[in-house]
Amino acid sequence: MKETGEIPDGINLSLNLEKITEEEKYDGYYSIVTSEKKLSDREIRDIYKGLWEIEESFKIIKSEFKARPVYLRTENHIKAHFLICFVSLLILRILEYKLDKRYTVKQIRESLRRYSCSYLDQNYYLFDYRNEILQSLERVFGIDLGNKIMSTSQIKKILQYHK
């Protein structure tokens with residue numbers, strides 16, 4: 001029955017083994033239709049393989065950066081909004097590659113978002129979040145974010161980092 005998924009009495013189910021064997025020949029393959037006649041098969045395949053990263057990038061912009069809806073009116077403000085989103089994505093993608101793709105863009109963004117501090121007193125700040133991703137960033141960039149309490153001068157030193 002369609003509603004419950006039950007098989008009515010008297011109906012025999014069978015598999016078309018011949019068809020399955022025929023279809024198995026194509027397992028692991030996919031076909032691509034393109035109008036690009038000047039590119040080699042390898043170039044077309046490589047472009048197609050990169051397509052998922054482009055689609056993922058748009059998904060990240062829509063979900064992580066909440067690029068839409070846009071509550072801006074002037075064309076310059078709208079362009080600036082999307083420029084900020086794309087530059088943010090670029091920075092996160094660079095970090096993703098620097099970290100050997102061990103973490104997703106979402107994980108990296110969340111770690112950076114949570115890494116913050118509270119003002120204590122006399123130019124000292126308390127950093128109360130640390131995780132594996134931040135430790136990996138420390139190794140990649142040769143900086144130390146491990147101090148739970150830092151002075152303004154220590155923070156400025158990190159921000160002036162040059163490698």
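Predicted model: local features only at pLDDT ≥ 70, side-chain atom pairs only at ≥ 80, totals over all residues.
## Order of helices and strands

Residues are numbered from 1 along each chain as its sequence is written, and side-chain values use heavy atoms, with hydrogens and water left out.

## Overall dimensions

Along its principal axes, the C-alpha trace spans about 85 × 50 × 40 Å.

## Surface and contacts

Of the 163 residues in the chain, 20% are buried. Buried means under 20% relative accessible area, exposed means over 50%, and partly exposed lies in between (1.4 Å probe, protein chains only). The chain exposes about 13700 Å², and carbon and sulfur atoms supply 55% of that area. Accessible areas come from the Shrake-Rupley method with a 1.4 Å probe; for residues, only the protein chains shown count as cover.

A contact means heavy atoms within 4.5 Å. Among contacts between residues at least 6 apart in sequence, 37% join residues at least 24 apart.

## Charges and salt bridges

The chain carries 28 positive and 25 negative side chains, and the centres of the two sets lie 10 Å apart. Lys and Arg count as positive and Asp and Glu as negative, while His and the chain ends are not counted. Each charge is placed at NZ of Lys, CZ of Arg, CG of Asp or CD of Glu.

Side chains of opposite charge can pair when their charged atoms come close. A salt bridge is a side-chain nitrogen of Lys or Arg within 4 Å of a carboxyl oxygen of Asp or Glu, and by this rule the count comes to eight. One of them joins Glu75 and Lys79, with the closest N and O atoms 2.9 Å apart. These two residues are four apart in helix α3, so about one helical turn separates them. Glu75 is exposed at 53% relative accessibility, and Lys79 is exposed at 52%.

Another salt bridge links Arg102 to Asp100 (3.9 Å, N to O). Arg102 is partly exposed at 47%, while Asp100 counts as exposed at 58%. Glu138 pairs with Arg130, and their closest N and O atoms are 2.9 Å apart. In that pair, Glu138 is buried at 9% relative accessibility, whereas Arg130 is partly exposed at 37%.

Is Glu96 buried or exposed? Glu96 counts as buried because its relative accessibility is 7%. You can find Glu96 in helix α3 (residues 75–98). Leaving out residues up to four places away in sequence, Glu96 touches Lys101, Tyr103, Val105 and Ile108.

Now look for Lys148, in the loop between α5 (132–141) and β3 (149–151). Lys148 touches Tyr125, Leu126, Phe127 and Asp128, again not counting residues up to four places away in sequence. Lys148 and Cys117 are 31 residues apart in sequence, and their C-alpha atoms are 9.1 Å apart in space.
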